[in-house]
Amino acid sequence: MVETNIQDDILLVKLNRPNKRNALNDAIILALEKIFAQVPATVKCAIVYGEGQHFSAGLDLSELQERDAVQGLMHSRSWHRALDAIQFGKVPVIAVLHGACVGGGLELASACHIRVAESSTFYALPEGQRGIFVGGGASVRVPKLIGLARMTDMMLTGRVYRAEEGERVGLAQYLVAEGEGLAKAIELAHKIGANAPMTNYALMHILPKITDSTQEVGMMMESLTAAIAQNAPEAKSRLQDFLDGKAKKVGE
């Protein structure tokens, strides 16, 4: 149900359950956790995408089990561990979205660092209409993308965002024509992989903590991170290349 392939220094992770619109079950969540906990050292960026007409239509409700409160808590926490392995893992992760990016699918997408949406993409959080609440991290991650008011609206009213509107409000950073998402993600992955490792690490692991902290604590973390990053030999070499006119200028 989840297939992996390494292309150059990019890990491709494909949700391959098209007959179920790539609905997410426990087996897929456990597989994702294992994959992102064991990313090979040669990989510099990863891409998550879906086979068929949809990225993911969310939690597979046909496999939803009757759970008491403690079991429900543990099930939710298993999703948190898996998606944390993506957001706070070894490499930046790009999600390629098309068709449904709904419920748990949006939770998966929001754990990735960059989202590329094709023109067929649509987003929704239908849990509010189904008498349940999000449990895979959406209440933490999605408001950071689009704001508390917009997520509240999505859950209260069942509002669906189409691709263009979703890109405008922050659900995706890139909007491309249908069928062009994976190529765009690979292009971005090569750029990301060319960054200094400390820069990518700081953006994945430190920047989220800065944004969650007070201004005073955030500023201190920024200063410490900047000092560590600029002290790396690769940073010094890149800065010297810029001063010597060997590096590309912004916009080139």
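Reader: How do the axes of α2 and helix α3 cross?
Author: The axes of α2 and helix α3 (residues 104-111) come within 8 Å and cross at roughly 35°. Axes here are lines fitted to C-alpha atoms, for helices over the stretch in contact, and angles run from 0 to 180 degrees between N-to-C directions. Helices (H or I, at least four residues) and strands (E, at least two) are DSSP runs, numbered from the N terminus.

Reader: Which residues make the contact?
Author: From α2 they are W79, L83, I86 and Q87, and from α3 they are G104, E107, L108 and A111; contact means heavy atoms within 4.5 Å. By class, five are nonpolar, two polar and one charged. Ala, Val, Leu, Ile, Met, Phe, Trp, Tyr, Cys and Pro count as nonpolar, Asp, Glu, Lys and Arg as charged, and the others, Gly among them, as polar.

Reader: What should I know about the model itself?
Author: This is a predicted model, in which local features need pLDDT of at least 70 and side-chain atom pairs count only at pLDDT 80 or more, while totals for chains, interfaces and linings use all residues. Residues are numbered from 1 along each chain as its sequence is written, and side-chain values use heavy atoms, with hydrogens and water left out.

Reader: Now the sheets. In what order do the six strands form an open sheet?
Author: The order is β1-β2-β3-β4-β6-β9, with mixed pairing; two strands pair if DSSP finds at least two bridges between them. β1 (2-7) and β9 (174-176) are at the edges with a single partner strand each, so one side of each has no neighbour in the sheet. From one strand to the next, the twist averages 20°.

Reader: In which sense do β3 and β4 pair?
Author: Strand β3 (residues 45-50) and strand β4 (residues 93-97) pair in the parallel sense, over three bridges. I94 in β4 is the bridge partner of I47.

Reader: And what is the order of the open sheet of three strands?
Author: That sheet runs β5-β7-β8, again with mixed pairing. Its edge strands are β5 (100-102) and β8 (161-162), each pairing on one side only. Helix α3 packs on this sheet, touching β5 and β7, and its direction makes about 90° with that of β5.

Reader: Changing topic: how many salt bridges does the structure hold?
Author: It holds 12 salt bridges, each a side-chain nitrogen of Lys or Arg within 4 Å of a carboxyl oxygen of Asp or Glu. One of them joins the side chains of K14 and E3 (3.5 Å, N to O). K14 lies in strand β2 (residues 10-15) and E3 in strand β1, 11 residues apart.
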